Amino acid sequence: MENRNIRNVDISLMQHLPMIDFIGNDFAIFDDVRDMPSSHYPTRLNAACFMVCVKGWCKMSINLQKYELFEGMMGIVLPDQIIQHEDCSEDFSGLFIAISKGFVDGVLPTMQQLFPLFFMIKECPCVRLTSEDLQSFKEYHSFLWSKVKLKDNTFRTEITQGLLIALFYEIFNIYQRFNVQERVPKSRKEDLFERFLRYISESYKEERSVSYYADKMFLTAKHLSTVVKEVSGKTAGEWIDDLVVLEAKALLKSSELSIQEIADELHFANQSFFGKYFKHHTGLSPKEYRKQ
């Protein structure tokens, strides 16, 4: 299906709904699935959405892969992923948080060690929560909602972003624990893939070539690329580019560094080369992205 046939939706489409609280077009919090900006047709969601099933069940597709969310499970949709509502039980209820791409970019610089979380979510968007995890998410949801309602608070946005940083760390802890419990024993190929992710997380600012990481792992670049593609569905080069672009976006949105300084920080030969690289992957120049 081509992109032009997929409806794009964002938080602004929910602004007319009375039971949701917002911070502009950047953040929405609610507890009724009927307020979700999705449909029975594939929809590209221009926001991250966190969903926790409190009762019943829900069936959905994320990037055309089918998932079932049962009581005590959390599902996460990342910006630009395609979501499709399939079905849900009559008694389904849940807790929901939607965050625009720009709002996420605003907190990324303080969460660089969380970059692997985004890769984990892409690989496994639905995880089961413990009773303690579920109670914790309910508390975060309730506290966030109470703070978002305080429209006269000058620092409402900053407070919300601070709480989201804490929530992201909680979710990262859940995913790390889930990986240990659910993915042991790992196959040799899965182990190679996870080692590759660790290496690129450490060195992506300095090294963007697949051959560099293949050499560190005593593999040929061809073999590494084949394994990464087989395990993750994406090439080794795409994983490296994703991490570099994510870091570039964070620096452009949330730092006072000049574009030249960001190019230096990411070890590009010059500002022009960085600009071409960034535009190739995002469709925008660094300057255009920063002005958004």
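Visitor: Is K189 buried, partly exposed or exposed, and what relative accessible area does it have?

Guide: In this predicted model, K189 has a relative accessible area of 34%, so it counts as partly exposed.

Visitor: What does the side chain of K189 meet in a salt bridge?

Guide: Side chains of opposite charge can pair when their charged atoms come close. Here the side chain of K189 meets that of E230, at 2.8 Å from N to O. This pair links distant parts of the chain, since K189 sits in helix 5 (residues 188-203) and E230 in helix 7 (residues 221-232), 41 residues apart.

Visitor: How many salt bridges are there in total?

Guide: The count comes to nine salt bridges. One of them joins the side chains of D21 and K149, at 2.8 Å from N to O. D21 belongs to strand 2 (residues 21-23) while K149 belongs to the loop between helix 3 and helix 4 (156-182), so the pair ties together parts that are 128 residues apart in sequence.

Visitor: How many disulfides does the structure hold, and how far is the sulfur of C58 from the closest cysteine sulfur?

Guide: The structure holds zero disulfides. For C58, the closest cysteine sulfur is that of C88, and the 5.3 Å between them is too far for a bond. C58 is itself buried, with a relative accessible area of 7%.

Visitor: Which residues of helix 3 are buried, and where do they lie?

Guide: The buried residues include L134, F137, Y140, L144 and W145. Seen down the axis of helix 3, its buried residues fall within an arc of 165 degrees, so they line one face of the helix.

Note on methods
Residues are numbered from 1 along each chain as its sequence is written. This is a predicted model: local features need pLDDT of at least 70, side-chain atom pairs count only at pLDDT 80 or more; totals for chains, interfaces and linings use all residues. Side-chain values use heavy atoms; hydrogens and water are left out. Buried means under 20% relative accessible area, exposed over 50%, partly exposed in between (1.4 Å probe, protein chains only). Helices (H or I, at least four residues) and strands (E, at least two) are DSSP runs, numbered from the N terminus. The arc is that of the directions from the helix axis to the C-beta atoms. A disulfide is a pair of cysteine sulfur atoms within 2.5 Å. A salt bridge is a side-chain nitrogen of Lys or Arg within 4 Å of a carboxyl oxygen of Asp or Glu.
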